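Please read it alongside the sequence and the structure shown here.

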There are 4 protein chains.
Amino acid sequence: MAVGMYDSFFTRHWFSAEAKAIWADTATLQAWLDVEVALARAQADIGMIPPAAADVIAANADARAFDLDKLTAATIKTLHPFVPVLHQFEALCGPEAAGYIHWGATTQNIFDTAVALQLRAAHALIIRDLDRARATIARLARETRDVPQAGRTHGQHALPITFGFKLAGWHAELTRERAHIESRTADAFVASMGGAVGTFAAMNGRGRAVQDAVATLLGLGSNPVPNRSTSDGFAAYASALAPFAATVEKIANEVVFLQRTEIAEVEERFDFGKVGSSTMAHKRNPSHALNLIGLAKMLRSRAPLIVEAMVRTNEGDAAASNAGDSALPEVSIIAASLAEGLVRLVDGMTVDASAMARNLEASGGMILTEAIMMEIAPLIGRHRAHDLLYEIAMERARTGEAFETLLERHSVLAPHLARIDLKRLLDPSHYLGEAAAMADAAASSPH
Amino acid sequence: MAVGMYDSFFTRHWFSAEAKAIWADTATLQAWLDVEVALARAQADIGMIPPAAADVIAANADARAFDLDKLTAATIKTLHPFVPVLHQFEALCGPEAAGYIHWGATTQNIFDTAVALQLRAAHALIIRDLDRARATIARLARETRDVPQAGRTHGQHALPITFGFKLAGWHAELTRERAHIESRTADAFVASMGGAVGTFAAMNGRGRAVQDAVATLLGLGSNPVPNRSTSDGFAAYASALAPFAATVEKIANEVVFLQRTEIAEVEERFDFGKVGSSTMAHKRNPSHALNLIGLAKMLRSRAPLIVEAMVRTNEGDAAASNAGDSALPEVSIIAASLAEGLVRLVDGMTVDASAMARNLEASGGMILTEAIMMEIAPLIGRHRAHDLLYEIAMERARTGEAFETLLERHSVLAPHLARIDLKRLLDPSHYLGEAAAMADAAASSPH
Amino acid sequence: MAVGMYDSFFTRHWFSAEAKAIWADTATLQAWLDVEVALARAQADIGMIPPAAADVIAANADARAFDLDKLTAATIKTLHPFVPVLHQFEALCGPEAAGYIHWGATTQNIFDTAVALQLRAAHALIIRDLDRARATIARLARETRDVPQAGRTHGQHALPITFGFKLAGWHAELTRERAHIESRTADAFVASMGGAVGTFAAMNGRGRAVQDAVATLLGLGSNPVPNRSTSDGFAAYASALAPFAATVEKIANEVVFLQRTEIAEVEERFDFGKVGSSTMAHKRNPSHALNLIGLAKMLRSRAPLIVEAMVRTNEGDAAASNAGDSALPEVSIIAASLAEGLVRLVDGMTVDASAMARNLEASGGMILTEAIMMEIAPLIGRHRAHDLLYEIAMERARTGEAFETLLERHSVLAPHLARIDLKRLLDPSHYLGEAAAMADAAASSPH
Amino acid sequence: MAVGMYDSFFTRHWFSAEAKAIWADTATLQAWLDVEVALARAQADIGMIPPAAADVIAANADARAFDLDKLTAATIKTLHPFVPVLHQFEALCGPEAAGYIHWGATTQNIFDTAVALQLRAAHALIIRDLDRARATIARLARETRDVPQAGRTHGQHALPITFGFKLAGWHAELTRERAHIESRTADAFVASMGGAVGTFAAMNGRGRAVQDAVATLLGLGSNPVPNRSTSDGFAAYASALAPFAATVEKIANEVVFLQRTEIAEVEERFDFGKVGSSTMAHKRNPSHALNLIGLAKMLRSRAPLIVEAMVRTNEGDAAASNAGDSALPEVSIIAASLAEGLVRLVDGMTVDASAMARNLEASGGMILTEAIMMEIAPLIGRHRAHDLLYEIAMERARTGEAFETLLERHSVLAPHLARIDLKRLLDPSHYLGEAAAMADAAASSPH
């Protein structure tokens, strides 16, 4: 019985299959076993448990050998998420080795360290796809460095930009977020083997050494203070994913806007067979972009929960860790899905320069008031130039007359216009500032 | 491959099985089909489609006949969540009737109306269990109406209460929340059949009649303006669940506190076999209570997402509806799980009156400073009485001397104490105000 | 020194001056005093304190007589928010009456009851302005009941609507939210006089009677269980404001969209002198709409905090009540500002029917594929009709040829078209469904 | 008229006065002017405007010379937050220089760059106080490295720790958060001078050079792509403050718990005159800790708003920037208040080792079941040892008999116990693991 959006037949394709494989039940169980194996191995190396026991433990650490239905039944009876796993694992290993499983550790050690492994695996997907998306955006930025487009602020035409400049903005943002997310891995991807309250009490004075060895075996950091009420590393990692989600949401929103029937400057990839509506045959919806927006909202809603779940009482607090632990796979899967989806979105994107040119005309030239103001400002002052252009623009809004006509007719402004090249000032391609240079910088940045 | 906490072998027991059955994939598909059947039936009754077609549609509306894997594959190809369902349904119904499926409707009509059916079914569970929990709390309130307990504010002993009074507070809060949630059903449990943009355009002038008939068939309300960018009814329902979650969280927190090793006034149900720790054999954790706290946090984190998803552009906006639609089953399942878990929590709760009595001594009598102040206030003024008792209490904190001794030794206070019955004033059972009466009111309220 | 957006010289105009007057420091102090007066009056009536004392208390309950700087200084010293107020109040009342101030009450009783008074006052503003906005929207709905406009879903033209229909959707949503908010007042606007732990311990058995009398004097309800760790009434009220905020955000978003340079179907009120940019003289930004969106986001962010703050430990918990208490004035002020701003937004809104007509052409007739499909469906089946129209629409997207030409040229479809009135089918004004009727219903609903 | 918690007479002391001074209205205005001065200076150096104009601009850039009431009035008329400031500034500078103010810039450039300056100033406070708190915690960790205390998990006694170990956990967390916050400054503390749409269009090809020079003058970074719809730098900074807030909340929660009447192991600083209640004279509430919890919740509630406000449309979007801009001062002030309050909390904290010792007895020795299990495990297996101890612990819970007695009486266990030193095993000071070493590491870490 599939419950929940990750598995559901009509929504499962929203989510990265690779990321889901990392967080699937069996993969989680396997990650737990991998941590137990590393623990046993480390303890054998240090002389805390017999090497033969570690070998048996390693040989039997295969999630496929476990009976998940029995695990569920036993979990319900014990109300403990891991003791039933230990019992099956002990049975698989046989009485000799069984006693050395989980030596000196507590459940949360296993869970937290396994989560670090799983987060790390999904993190690799996130970075891989972020880099792919950045590379595509960079290429598009180079190609469209000089393609003029209306710059819009607050819903109104403002000044011309180039599409490459817009892409440079996306690129810069994603590049910073990549660095941000990367900077949060060292504190999150750690092994914790502190035992019941984090003091290594059951490790006979060798706890730090055991944990360091486990960390080395698993390629993780070693938690300086492995107390169980600390989860800032995970929370900071999740907190770094939220702005990334917001950036993807922003980009996807922009695509939805640029693909609008009236705008039509950009279209996301379309494959014949993609259907927009059960009833309106013509609909070519920006489905990928829309999906990404929904996913981003989901991720943003989970990050605060993980931060709230940092507030843990005393030396351990299942109330908070339940809430945080169940949200970590979600943000990890959703972030990987956002990165994957972003690749899909930008890879297939088509750009219509002629539509951009057409839309640039929508304000009847007013999109260049600033250009005119800056030209006239040295003659009559910046403030006065602004006021006169304001007057004319408002008159145009009232009367609908042509902007150029109004300019030329204005008693105060007209004399000054005579000395300037109005035609050139009203040509968007002459007022693009350093847009192309910024597109170039994006295009040539390393990915 | 199970992904996500609802299905996972080690967390699925956190969630109401009944509620999950309502929201399982096949149940969702069945709900969609049920809505299509109601639509066809209504249109046949009105004369819009042939009655025979409606019969065929009804006869084939069985989710078990669908191939879910093929649905998934087709969903990925079309990027549409319902067109593949329609295609299979059409094949099942045969060419004659197929053309009359989904007549004049749009996908979101089916989804929204089905969600109303599913929410309603889960709502019944919520109310059922809320009422069970309220009944148990009422019974406990009666039983413990006179059991004195330390009242604590800001972590410090304040004044005595009775445990029944504390329960009366829980009861009052849950009773108001029941009413609140109920008050949000009429706007949420509605049928919407407005078609592609909500105008009933494809219904040939009979749209309102069709929708009213569908609503009647399904026992739902009929949406006054079935436009597709409106979801306030669902959002208000979800918003009403969040304070309920917070109340359960508060109650569960209180149980965790009262069960603390040092307090030990209350214990949640314990069955032999319940394990607290993989390493500390003695642990009797308040597992149910802890689970409820985690669930409540999850629910609280989803409600704002559903409200945010109300912000939809134009006549329909999948970006927002994806986010909202995927969170509705979650809040519904979690709320039902909270209600179910609350029953479990209060049903098995044991109360230790002697521990309560013992803890009442912890402040060495200072828990009754107010009683003394109110007695002396008429003699020396309320303000001055407060000041003198403050002085003494702070001295006690500094020196550790007995409160009573300090009272009797105080030059200003002592003379007045001579005229009052200090022993009686320091007996918690004489300063319980109207605690018992409030417990009685809870006990006798209808459930 | 003004800190914070409510008072700041460049943002204070975002917020309702009326609502801020209700929540200003002096008004809060006055509300506290009003509650103390009601308490004294009630106790005098019941014979608990001398009537003369109540008279003196009432006569001196004037916030203007208090020295706020001294209050601040004393608050810092005592770390108590109300004891300094009591001290000044006692000094103002003189020794005789001073002892009877605050008799049997605790600080939070005064604060919570005062908050109820302030919330109620701001609530009246919210409802007043909601009704004004609803009335204007209703009027506009009548006026534009038949004005065709492109219906857009997922950013793409879908089917025609009328602008009056869009307004009917806003109206329906706001009307439900008005009822929702109103339904949450009875539990929120209550008097609580339970004293230190809520048991009325210091009221000598007359606590319930005192609280009922206070409630009557203040026109509030009487809290059934006035324990201090309960705040569901306030939280439910705040939770009801969040969906309202989301609806205003949705409406404002829609106005921003409809006012876009390329769309230009609607414009919010513009007064000469309103400036869009310090540098682009022509900008006519939808400033009111943009402000409302920002405000709505602010409100939405505060509501979950108030729900979280319901989770209070034991009989009182300042950690949570501080967080909740400081957010209640915010949601109250912001909600009143949203209602006020909504009036401003819809009152001055101008509608350009010709722009709507022009934009309806943007899809080259494809906005009516459903109309054609429904007409042909009885001839060739709904599914097949959808497929053929899909083919043609996709061909148009590829080639840019006219939709009508492609229709007429299609070998399978063309024969059927011969039998139908294609011109009529491609006229948006013939496919508006029951849009006008829904506009009428909004227009004639009571406000 | 003070509205809002930062200025209110009864809550203003919750907030850092230093941080509020940075964000007060006049300081904000001054920050804007400072940015305008840097812009003018940079442009004069580059030869874009006359040096004399830059001198006049610099000489008049004094917020105290502005009429704030007039600014407010003009803001209401223009609905623009900065044009009125420009007008007054122009008047102050005189006609000659006025024309060169704000040359080529747009309002948001000034605002964003000023916010960077203000955030940086408040950031210095946060880091200063975080370091003070860390130093105090480190000192306390050294002092209490060996002080045994009950380790508690899930509300139940688990294993002994030392108080120094608990502090080491706080220290490690705060140290990571310091690094996290610091790592987010480079992207947040930047100058942006891209003009109306971010292309430097009005800077005549010298925009990048101007922005770099402004950045150098102000000691900020230079924004690579200064488009106006990007705010990830601020959002990432705010996102880094949220986990810090959660850690302070956790610490403060722990203090509230440890100060509880029944626990009494720790007390926050108390000064005579601090009042706990208007009615209960004895109350010594953990007021500072409670305040910190409330503040932390407030901060946590604002961070997601700032992330949501990253989602901006096109080249600029006041709806989002209003919401984000108004929340940035809030998180900055609250974070500084949390850091300041944390210093106050830990500086005055008193530790009662004897209370800790007393509470360690609360479980009657069961807190050491793991120690016994680990000792016996080599003899009878870990699993079986766990089972036997479980049996005994549950029997004790049922019967209340002494744990030691039950151990010695158990037919299976008793023989093994004979061979071990049970007294020693039941002494908490022998089962502290590496707690002291971790306290030492905290104590010796650099601050």
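Is the crossing of α11(C) and α12(D) left-handed or right-handed? The coordinates come from a predicted model, and in that model the crossing of α11(C) and α12(D) is right-handed.

On the chain C side, the contact is formed by L290(C), N291(C), I293(C), G294(C), K297(C), M298(C) and R302(C), which meet A318(D), A319(D), N322(D), A323(D), S326(D) and E330(D) of α12(D). By class, the residues of this contact comprise six nonpolar, four polar and three charged.

## Packing within chain C

Within chain C, helix α2 (residues 25–46) and helix α6 (residues 107–143) cross at roughly 115 degrees, their axes coming within 9 Å, which makes α2(C) roughly perpendicular to α6(C). The crossing in which α2(C) passes α6(C) is right-handed.

Helix α2(C) contributes A27(C), T28(C), A31(C), W32(C), V35(C) and E36(C) to the contact, and these meet I110(C), F111(C), T113(C), A114(C), L117(C) and Q118(C) of α6(C). Eight nonpolar, three polar and one charged residues make up the contact of α2(C) with α6(C).

## Packing within chain D

In chain D, helix α2 (residues 25–46) packs with helix α5 (residues 83–98) at an angle of about 65 degrees, with the axes 12 Å apart, and α2(D) passes α5(D) in a right-handed crossing. The residues in contact are L29(D), W32(D), L33(D) and E36(D) from α2(D), together with V85(D), L86(D) and F89(D) from α5(D); six of them are nonpolar, none is polar and one is charged.

## The largest pocket

The largest pocket holds about 870 Å³ of space and is lined by 30 residues, among which A362(A), R396(A), R260(C), T261(C) and A264(C) lie nearest its centre. Two or more lining residues come from each of β2 (156–162), α13 (353–360) and α15 (382–399) in chain A, and from each of β5 (266–267), β6 (350–351) and α13 (353–360) in chain C.

Helix α15(A) provides the largest share of this lining, four residues. By class, the lining of the largest pocket divides into 12 charged, 10 polar and eight nonpolar residues.

Notes. Residues numbered from 1 in each chain as written. Chains lettered and ligands numbered in written order. Predicted model: local features only at pLDDT ≥ 70, side-chain atom pairs only at ≥ 80, totals over all residues. Heavy atoms only, no water. 1 Å grid on protein atoms, 1.4 Å probe; cavity = no way out; pocket = protein on both sides within 12 Å on 5 of 7 lines; lining within 4 Å. Points joined across faces, edges and corners; volume = space filled by probe spheres on them. Nonpolar A, V, L, I, M, F, W, Y, C, P; charged D, E, K, R; others polar. Left-handed = near helix turned anticlockwise from the far one by under 90°. Contact = heavy atoms within 4.5 Å. Axes fitted to C-alpha atoms, helices over the stretch in contact; angles between N-to-C directions. Parallel < 35°, antiparallel > 145°, perpendicular 65-115°, else oblique.
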